[in-house]
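Subject: Structure for your review

Hello,

Please find the structure below. My notes on what turned up in it follow.

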Amino acid sequence: MAIYRMVAESARPGADAFPVFDPHSPYAHSIASLAHGVLYVCLGILLIVTGLVAFSLRRFREKPGNEEGRLIYGNTKLEIGYTAAFVVILGVISIFSLRAMSSSDPQTHLPKNANNVLIVAHQWWWEVHYPASGVVTANEIHIPVHEPLRFGFRSADVIHDFWVPELGRKMDVIPGVENHSWIAADNPGTYYGACAEFCGKEHAWMRIRVIGQSPADFARWQQQQLTVPAPPTAAPAMQGAEYFQMLACPSCHTIGGTPAHGIVGPNLTHVASRETLAAGRLENTPDNLEHWLREPDLIKPGSYMPNLHLPREQLQALTAYLETLK
Amino acid sequence: MSELAVRPATIEDLKEFEGKGTLLSWLSTCDHKQIGILYLITALGFFLVAGCEALVMRLQLAVPNNHLFGPEVYNELFTLHGTTMIFLVVVPTLLGLSVYLVPLMIGARDMAFPRLNALAYWLLLFGGIFLYSSILFGNAPDMGWFSYAPLSEKPYSALGGVDFWALGLFAIGIGTISTGINLIVTVFALRAPGMTMKRLPLFTWMAMVNSFLIVFALPALNAALAMLLIDRGLHARFFTADAGGSPILWQHFFWSFGHPEVYIMVLPAFGIISEVIPVFSRKPIFGYGFVAASTVAIGMLSFAVWAHHMFAVGMGHAMDIFFAFGSMLIAVPTGIKVFNWVFTMWGGSIRYTTAMKFATAFLIEFTIGGLSGVIFAVVPMDWQLTDTYVVVAHIHYVLFGGTMFAVFAGLYYWWPKFTGRLLNERLGAWHFWTTVIGFNATFFVQHMLGIAGMTRRVWTYPNLPGWAVMNMISTIGAFVLGASTFFLLWNFVWSRKNGQVAGNNPWEAWTLEWATSSPPPIYNFAQIPPVHGARPLWDLHHPDKQDRFMDK
């Protein structure tokens with residue numbers, strides 16, 4: 001417990017050190033309160049065992065003249081007693097567990113296309129669709145607070161797992177299967193998550209941010225995402241726009257309002273409005289963006305973003321262009 | 001005693017014995033004791049390799065955003081570490097102890113099928129060497145020891161690492177199944193007169209139940225490995241999402257082997273504890289019947305728990321509840337065992353030897369691992385905590401704090417039988433305390449890392465609150481744990497030259513392996529000793545008293 005507090009205090013202000021025990025949604029909340037109960041039961045049992053072992057080691061150490069222990073072969077009543085105690089304890093835990101299952105993971109029979117958000121997992125990033133509005137983004141999921149949202153999950157390649165501990169259960173994302181889970185956020189704020197199933201080289205850098213917003217802020221964000229950014233009018237961003245179409249970029253990326261319609265990598269229509277690059281690897285700053293374009297293979301080894309070995313001038317132009325895509 | 005036992009080995013005998021083992025005798029042996037030692041030496045070698053792999057991983061994870069090496073190397077390291085520890089360290093160690101001890105404990109002269117015994121060992125060794133030869137070809141497997149499809153399929157793992165892995169494990173699996181069959185037949189057919197099933201030493205009981213688990217569980221893995229190889233080599237689609245295959249099928253096959261495998265890795269360790277604690281408490285085991293029966297219960301239930309590895313798959317609540325129920329149930333016989341061991345110490349006259357130190361530490365470390373196991377049977381908690389560092393902590397508390405602590409207890413206990421000399425208790429104490437401190441420093445903090453949101457199998461991680469501190473503690477602990485191994489190795493080396501001559505029965509133990517000389521002659525017993533109870537040597541020492549086990 002002391003270590004728990006020490007670590008919690010070393011936490012950055014505003015961020016939670018132990019998100020599993022710091023729920024911000026009704027779903028995560030019912031798991032966390034169950035977890036507290038189970039944890040105390042486990043600690044109790046551990047204390048009993050440790051106490052009995054420590055006591056025996058003190059009290060029943062070999063003494064001169066008393067080399068042999070007592071001839072006790074067992075005690076059937078006692079043994080049946082603790083067997084029954086285990087059954088009761090586990091039974092009680094099971095009952096609470098069943099209750100928490102249905103409250104943390106409601107079973108609904110909505111039609112397949114009734115997702116509020118559709119997540120498509122890729123090696124190693126998240127494609128995010130909002131079917132109702134048509135917004136498409138990546139890695140950062142904006143949601144309105146206080147609204148139960150059904151997330152649908154599909155995989156473009158291998159098995160991944162969507163996990164944002166403060167908001168609810170984790171759910172595997174499996175090719176050929178569409179899974180669902182419910183997510184909600186009690187408060188505005190940023191909730192950190194990650195891919196939890198090993199999915200190959202860059203499993204480590206497949207992070208998630210869920211950004212809870214007030215309904216008004218969310219509507220504003222959605223509106224902004226639906227608006228296609230105006231083409232740049234000044235150098236060097238104008239050159240950057242040309243380079244983008246001329247180089248290999250459009251074969252993987254989409255930018256709304258341009259001929260670029262690639263679907264292998266993230267949609268870049270509003271890339272400048274995101275907080276991070278490369279699925280949480282870097283903060284999204286102009287310097288980092290240029291760095292990422294220059295050597296993606298060093299920043300995120302294994303990533304499918306190729307190093308095109310671009311000259312400095314092209315890098316700067318591309319960065320200037322992408323920075324206009326708010 | 002004298003009329004049945006071989007003459008105790010003297011220092012001259014030992015000198016002769018120590019000079020004797022020619023290379024050819026080790027390569028050609030069908031003697032269960034030599035094969036047992038070969039298993040243990042092989043496992044020790046792989047233990048050092050896999051331990052070094054773990055230390056290198058902990059170096060990479062010591063600080064956030066570390067670029068000591070990249071994800072390619074890290075993924076190969078954790079795949080090899082897991083595969084090696086499970087298939088080439090823990091299982092062979094326990095098989096080696098079983099193969100050495102079971103014939104002695106039941107008063108037999110060898111295993112039922114001595115040549116099959118040797119074949120199984122060589123399959124293990126060459127399977128392991130084959131697996132590691134992948135490094136020479138630049139293709140070490142990197143998809144995890146669980147090798148989930150479709151990541152392990154050709155489109156995502158084009159190089160040969162997966163094939164090396166699957167073929168290596170296939171060979172090892174055949175060997176392990178052979179030894180399972182061999183042990184079952186040995187226990188059923190070769191018991192000395194009077195050695196009824198109710199008088200079997202508990203280690204033998206558990207080795208036998210374990211063998212049944214091996215015989216029923218390992219074929220599922222080998223079948224799945226064959227299907228994976230067919231997928232990869234012949235373009236079948238058992239485990240891909242298109243053309244009727246299913247990636248989830250692989251998980252069912254793998255874990256229907258994989259969870260019994262967990263018990264395969266722990267039941268013989270329970271057996272060790274069930275021998276060591278009574279001997280050093282100078283008391284019979286508390287509730288022999290409960291301990292033996294709970295082993296059978298664990299064996300059966302272990303086939304009804306596998307999908308608790310898959311609660312995050314989205315199988316639906318009905319499936320989740322079934323497997324949660326099975327996993328809760330299996331905690332009952334496991335809990336019974338822990339309390340029976342604790343009450344065996346109660347009222348005893350405890351000799352606090354190194355073996356007993358490890359056995360008592362086992363009780364506490366294994367309880368922590370068992371309790372964190374119950375947490376994963378609580379489905380909603382599993383939905384949060386599976387695939388996080390809580391699982392890493394859990395498996396290491398069960399397999400290191402549990403199995404390896406028991407194995408250390410067993411090594412200090414049986415080493416004199418294997419070699420004729422005692423290990424050094426002072427070095428043993430150093431080994432024990434560095435192990436306990438290093439182990440808990442490494443793994444306890446990982447429970448908290450998991451709750452802090454750190455997922456498993458990541459080659460690096462962002463600097464989130466608390467993560468850097470906890471990872472650094474874990475890395476320091478790992479190096480203390482690594483250092484503890486030097487005391488063990490030093491003790492082995494020291495004992496071979498300077499260890500006190502043990503005599504037949506240095507611990508005044510009661511099972512038959514202590515009725516013969518240390519090390520035992522090739523024929524084990526000059527005469528098969530008489531068995532009238534579960535503690536034959538106790539009966540011999542107390543001709544006037546009746547062990548209550550005699551009537552049963």
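Leaving out residues up to four places away in sequence, Gly402(B) is in contact with Phe362(B), Phe366(B) and Tyr397(B). Please keep in mind throughout that this is a predicted model. Gly402(B) sits in helix 14 (residues 389–419) of chain B. Its relative accessibility is 0%, and since buried means under 20%, Gly402(B) counts as buried. The C-alpha atom of Gly402(B) is 8.4 Å from that of Thr367(B), and 35 residues separate the two along the chain.

Two further residues of chain B

Thr442(B) belongs to helix 15 (residues 425–451) of chain B. With a relative accessibility of 2%, Thr442(B) is buried too. Beyond its neighbours up to four places away in sequence, Thr442(B) touches Ser474(B), Gly477(B), Ala478(B) and Leu481(B).

Arg237(B) is in the loop between helix 7 and helix 8 (247–264) of chain B. Arg237(B) and Met227(B) lie 10 residues apart in sequence, with a C-alpha to C-alpha separation of 8.8 Å.

Chain B overall

Chain B has 17 helices and zero strands. Its radius of gyration is 23 Å, which agrees with the value near 24 Å that a compact globule of 552 residues would have. The C-alpha trace spans about 70 × 50 × 50 Å along the principal axes of chain B. Of the 552 residues in chain B, 69% are buried. Among contacts in chain B with a separation of 6 or more, 82% are between residues 24 or more positions apart.

Helix 4 and helix 7 of chain B

The axes of helix 4 (residues 71–105) and helix 7 (residues 202–234) of chain B come within 10 Å and cross at roughly 135°. By class, the contact of helix 4 with helix 7 in chain B has 10 nonpolar, two polar and no charged residues.

Chain A overall

Chain A has eight helices and 12 strands. For its 326 residues a compact globule would have a radius of gyration near 20 Å, but chain A has 27 Å. The C-alpha atoms of chain A fill a box of roughly 95 × 50 × 40 Å along the principal axes. Buried residues are 53% of the 326 in chain A. Of the contacts in chain A between residues at least 6 apart in sequence, 63% join residues at least 24 apart.

Helix 5 and helix 8 of chain A

How do helix 5 (residues 237–246) and helix 8 (residues 312–323) of chain A cross, and at what angle? Their axes come within 7 Å and cross at roughly 100°. That makes helix 5 of chain A roughly perpendicular to helix 8 of chain A. Residues in this contact include Tyr243(A) and Phe244(A) of helix 5 of chain A, and Leu318(A) and Tyr321(A) of helix 8 of chain A. By class, the contact has 10 nonpolar, three polar and one charged residues.

Backbone points to check

Most residues other than glycine have a negative phi, and most peptide bonds are trans. A cis peptide bond joins Gln123(A) and Trp124(A), with omega about -5°. Trp124(A) is in the loop between strand 1 (117–122) and strand 2 (125–130) of chain A. Another cis peptide bond, with omega about 0°, joins Ala149(B) and Pro150(B). Pro150(B) is in the loop between helix 5 (114–136) and helix 6 (161–189) of chain B.

Ala279(A), which is not a glycine, has a positive phi near 55°. Ala279(A) is buried, at 1% relative accessible area. Asn65(B) also has a positive phi, about 50°, and is partly exposed at 34%.

Regards

Technical notes
Residues numbered from 1 in each chain as written. Chains lettered and ligands numbered in written order. Predicted model: local features only at pLDDT ≥ 70, side-chain atom pairs only at ≥ 80, totals over all residues. Heavy atoms only, no water. Axes fitted to C-alpha atoms, helices over the stretch in contact; angles between N-to-C directions. Helix = DSSP H or I, 4+ residues; strand = E, 2+ residues; numbered from the N terminus. Nonpolar A, V, L, I, M, F, W, Y, C, P; charged D, E, K, R; others polar. Rg over C-alpha atoms; globule rule 2.2 N^0.38 Å. Buried < 20%, exposed > 50% of the residue type's maximum accessible area, 1.4 Å probe, protein only. Contact = heavy atoms within 4.5 Å. Parallel < 35°, antiparallel > 145°, perpendicular 65-115°, else oblique.
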